[in-house]
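Take a walk through this protein, one region at a time.

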Protein chains: 2
Amino acid sequence: MNVHVTPEQPHEPESTLPLAEARKAVEKQTGRIPTGPRAGGVKVYASGELYPDLRVPFREVAVHPSANEPPVTMYDSSGPYTDPAVAIDITRGLPKVMSSWRLDRGDIAPVAHPREVKPEDNGHASGKHLAPRFDVSNHRVFKGVPGRPVTQLEYARAGIITPEMEYVAIRENLRRAEARDLWGRSEGAQAASDRVASVSPERDGEPYGAVIPDYVTPAFVRDEIARGRAIIPMNINHPEVEPMIIGRNFLVKINANIGNSAVLSTVDDEVDKLVWATRWGADTVMDLSTGRNIHNIRDWIIRNSSVPIGTVPIYQALEKVGGVAEDLTFDVFADTLIEQAEQGVDYFTIHAGVRLPFVPLTANRVTGIVSRGGSIMAKWCLAHHKENFLYERFDEICEIMRAYDVSFSLGDGLRPGSIADANDAAQFAELRTLGELTKIAWDHGCQVMIEGPGHVPMHKIKENMDEQLKHCHEAPFYTLGPLTTDIAPGYDHITSAIGAAMIGWFGTAMLCYVTPKEHLGLPDRQDVKDGVITYKIAAHAADLAKGHPAARAHDDALSRARFEFRWEDQFNLGLDPETARQYHDETLPKEAHKTAHFCSMCGPKFCSMKISQDIRRDAQAQNDAGGSLAEAEAGMAEMSAKFRAGGGVVEVKV
Amino acid sequence: MNVHVTPEQPHEPESTLPLAEARKAVEKQTGRIPTGPRAGGVKVYASGELYPDLRVPFREVAVHPSANEPPVTMYDSSGPYTDPAVAIDITRGLPKVMSSWRLDRGDIAPVAHPREVKPEDNGHASGKHLAPRFDVSNHRVFKGVPGRPVTQLEYARAGIITPEMEYVAIRENLRRAEARDLWGRSEGAQAASDRVASVSPERDGEPYGAVIPDYVTPAFVRDEIARGRAIIPMNINHPEVEPMIIGRNFLVKINANIGNSAVLSTVDDEVDKLVWATRWGADTVMDLSTGRNIHNIRDWIIRNSSVPIGTVPIYQALEKVGGVAEDLTFDVFADTLIEQAEQGVDYFTIHAGVRLPFVPLTANRVTGIVSRGGSIMAKWCLAHHKENFLYERFDEICEIMRAYDVSFSLGDGLRPGSIADANDAAQFAELRTLGELTKIAWDHGCQVMIEGPGHVPMHKIKENMDEQLKHCHEAPFYTLGPLTTDIAPGYDHITSAIGAAMIGWFGTAMLCYVTPKEHLGLPDRQDVKDGVITYKIAAHAADLAKGHPAARAHDDALSRARFEFRWEDQFNLGLDPETARQYHDETLPKEAHKTAHFCSMCGPKFCSMKISQDIRRDAQAQNDAGGSLAEAEAGMAEMSAKFRAGGGVVEVKV
């Protein structure tokens, strides 16, 4: 049996609640976990060819029949929570997605004696202060078998296409091939055929060196992983994950941070925020908890998460040594890695690039060191006058992480915390070190991504991407923002979305969201939603600018709905149907207004789209009747043709 | 006398309310006009050297004495409403700012017979449907004297520095010279001297051809206006305006749109939105009203506006011909220009670039024509099969506008309304025509800016700026957004802020805001604020990226406050002190928390800035005591020095 612990066991001193009571307490707390389909769409699944059992989820939004268009398929990170066919019970966790293929191959095996939970794992919380334990009796802990491959990188190098690789290939294509076929088959094919272009438009973008294929194949996924240019973060102990890929030749992803702090929050809040964040589109979630109870809360989060979970293990390690950075040791850290790897954390932020010689480079900064992990390690380095033990013993860290396929997120502990400190010597010294470490991790078979800033004015953003590509060998970049100005506390989701969209365009593979509460307090539910939607915008704007062939269809479908006054379609196709509808209905609430050819912004007489349609309609009608407008239109076409040929006063680029 | 009309006059059929009653009605309606100082700062004025009577407003925010810093001076567009010394009475309008210098020179003269208000000016509204008249008995109508200069462009060409030119020069410098002197004089000058750099930092930015001087002089302003690269939009009949300048070698400005539609809104709402928008930072306001009562509402807006007001006169012209585009004539349009010029509108959007041959170029667009003015003119052109009369009779329009120094905002009637339509033949054909028209307007002595899109994915934004600079001879660019994706109705302030920040960086002089209600309905108060703050962020991010020497001081002051846990300063220095404070206080409301060295985001043990400060403090203390940390620190400094010299494993760029 692989039960870490059950509350019934009398030797568990930190728990006083029997399991049933614990469940009840949590149920009461978690009653508001949002489930059920998202507005305007339905959940559908696609199966694999290599692995027919795959069930790759999408959100499908059908438009009004008058449009004569197939439904729009969207990427869906919301997990089983939005599938009405799945009964959600967060006390039991989500169903497993990952198959037993690794086990069947003999590449992994159950761990005979998983690490026992210790009182310090939860900051010595006890009694009523201890968060209820998740029942882990169904959670078997696995580990790689020595001498066998275990990471996606190792399989990819061996030429193997794993089920996860086919899964993400299907996921990235958003059923475009199917949509194209549907367009072809649809009635009124003439009009529709003009629209096919938007499903597979001619490549239109500036990819800055990204090489995005027309369609993502499982072999392409394998090859990108093999060369380290993409990762599938997915611990073998987190079988609930719906696989996703992070790399600059794939759709840009976003991460949402959750987690309690010593000041605030409970199990309730965090599971709710996890589900809420993924409901609106978070592709991964980082649990940045720092208070007590973080072991227990983490179990609740992982077992209920269909997206990869990242953590910063040094936070928990610090809690274990009573918050005294100087007392940190490699052993405490390694123990924490194993603890979290067995729970199923999918990627670890490791601040191994905060080297002793770099710390004084921050001495004259306006905002010093602003990474929590970075400041902890800097303090340790200076106190001991020793090199960072994460750097010195990086090989051992690699071996621990490899055994569970935990991906590296090499932390930027010296990232700038203000416009004044952007792109300085400390930051770039660390970045180059992360490049060194990337090669070492790859040598151990580990998957790697690199974290980036932070606070950077627009004109210094591209240099970040260029330096990262140059020194980190194209390992995926994962940036926080960056914030493009410091003057708007309360609005840093916006100051940072500007930078995030740009760096995503330049090649960043995943964008870590920033919420309106940044610098001011712990985000609540509304902040999480605002942060996620804002970053979905930034990521999609980046996909468009890169010329990702899967991106434009969504914009075009919504624009057509807008032009044709299909209000319901416009709401449903948007990132947040409820808010769009609510904004519209504030001024025009009646059902009849949902087909009205205007809104309250311009009113009926001044709607340009209506006038524009009138022009087309009149031209068509007069054309049919052979009237004067038809002549005008014909004349226009002729004049326009001449004009295009260069006969006009103004030369037109067509 | 220059009274347009007084309600007492019995021949005014559309008004039934005597003036006193009208005033009462408005007073009741407008009780919520926001007045009083903005939180955290005070209003101060600077005087001129050439014109000592100038009173140029700024918002001054003092920081905590412990910081040993002079106050931060911010640009202040909020007008007398935030000056507690000014008694506001919106039924009387604002005090005049502009002096009588033009009149004294004999360049302008009162109009003997101003245009009378006609029933159609207010859409034939009457009785209780007619908005109350503003009492214009104090509003004398002026016009240029034939043969004399009247526009800022004409004075600039003649080598004359007007009071307005000195006013904006002072305004653009944000009292940086004074701040630098204060830094120099402050006690603890050693620490402070390090900070002087942020008031006048070394130029750090990518200006893309902008030539921003270290300090703006009145002569520089004159020269920029003379070559058409900047404008001071300010009708001689709008003496309430606090002069401001729009040009790419000045701070990036933002415009807020207000205005009723046929569906919604009243005098009350619009004056409130005007004051509200400028309170948060709108540099100009466009009144885009399209319903009835627009003449009357416009008087209320102009007489109460300290920022330039723009309009789209074709909207009112269309109302005058019963909403039938085909019935528009040049005479109705010219009459409307004179009506509005006499009221005091500062710039007109004129869609003279929507030429007949360009209209068919929009036939295959996804969203057709999305400019209201553009669609109206396109309809007229096609219906009559004639060239746009605004284009054909552009000279006459110039002569009307010149006589009042109304600036042109040459409208982009064919701007794209979706990602799919960006940068197409129709759009760029029109842009080149606007370049032609710019030269014509300049020949007439008129000030000109050029409107730009719209909806543009990131990779196509720079082309817009480059084409505009190339074809429009560096006349200031004034863009709407652009929106970088179409998929987020309800969040288009954000989709567009991304594009706005970028195009501002590339050289756009003024950004027209987009609110969260875009495409969905008429913005309300909260939407206006959200739009303005979002665009202040975009404009400032652009200033920073351009390397504007006045931009960074604000960011640095806020970052220092953040690092030093001066919470009150952090709130007050932000764009929206109330919201920042509220967000912080949601979780840590106590007064003691305002000096706490942490917030609820990370809690006390995990605050990186606190740890970072601890490191510095410990190093200092041990240094003083000659202890081991001092050695460590000394060793660090040495190691760092070696490292910088290239001795390290990693080469560091310093």
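Which elements of chain A do the buried residues of α16(A) pack against? They pack against α15 (425-443), β13 (448-452), β14 (477-480) and α17 (492-506). Contact here means heavy atoms within 4.5 Å. Helices (H or I, at least four residues) and strands (E, at least two) are DSSP runs, numbered from the N terminus. Helix α16 itself covers residues 461-471, and its buried residues are Ile461(A), Asn464(A), Met465(A), Glu467(A), Gln468(A), Leu469(A) and His471(A). Buried means under 20% relative accessible area, exposed means over 50%, and partly exposed lies in between (1.4 Å probe, protein chains only). After α16(A) comes His473(A), with a positive phi near 60°.

Some ground rules. This is a predicted model; local features need pLDDT of at least 70, side-chain atom pairs count only at pLDDT 80 or more, and totals for chains, interfaces and linings use all residues. Residues are numbered from 1 along each chain as its sequence is written, chains are lettered from A and ligands numbered from 1 in the order in which they are written, and side-chain values use heavy atoms, with hydrogens and water left out.

Now step back to chain A as a whole. It has 23 helices and 15 strands. Of its 654 residues, 69% are buried. Take the contacts between residues at least 6 apart in sequence: 76% of them join residues at least 24 apart. Chain A exposes about 21000 Å², and carbon and sulfur atoms supply 52% of that area. Such areas come from the Shrake-Rupley method with a 1.4 Å probe; for residues, only the protein chains shown count as cover.

Next, the interior. A nonpolar core is a set of buried Ala, Val, Leu, Ile, Met, Phe, Trp, Tyr and Cys residues joined through side-chain atoms within 4.5 Å. The largest one has 312 residues. Those with the most contacts inside it include Val221(A), Ile350(A) and Ile350(B). Apart from it lies another core, of 18 residues, among them Ala156(B) and Phe250(B). In soluble globular proteins, nonpolar side chains tend to be buried together.

Polar groups can be found inside too. Glu154(B) sits in helix α3 (residues 152-157) of chain B. Glu154(B) counts as buried because its relative accessible area is 17%. Its side chain makes a polar contact with the side chain of Arg402(B), at 2.7 Å. A polar contact is a pair of N or O atoms within 3.5 Å; within protein, one must be able to donate a hydrogen and the other to accept it, and residues adjacent in sequence count only if both atoms are side-chain atoms.

Finally, the cysteines. A disulfide is a pair of cysteine sulfur atoms within 2.5 Å. By this rule, there are zero disulfides over all chains. Cys472(A) is in no disulfide either; the nearest cysteine sulfur, in Cys398(A), is 14 Å away. Cys472(A) is buried, at 0% relative accessible area. UniProt, in an unreviewed entry, lists Cys599(A), Cys602(A) and Cys607(A) under "binding site". UniProt positions are given in the numbering used here, feature names are shortened, and annotations may be inferred rather than shown by experiment. Cys607(A) lies in the loop between α21 (577-587) and α22 (608-625) of chain A. At 11% relative accessibility, Cys607(A) is buried.
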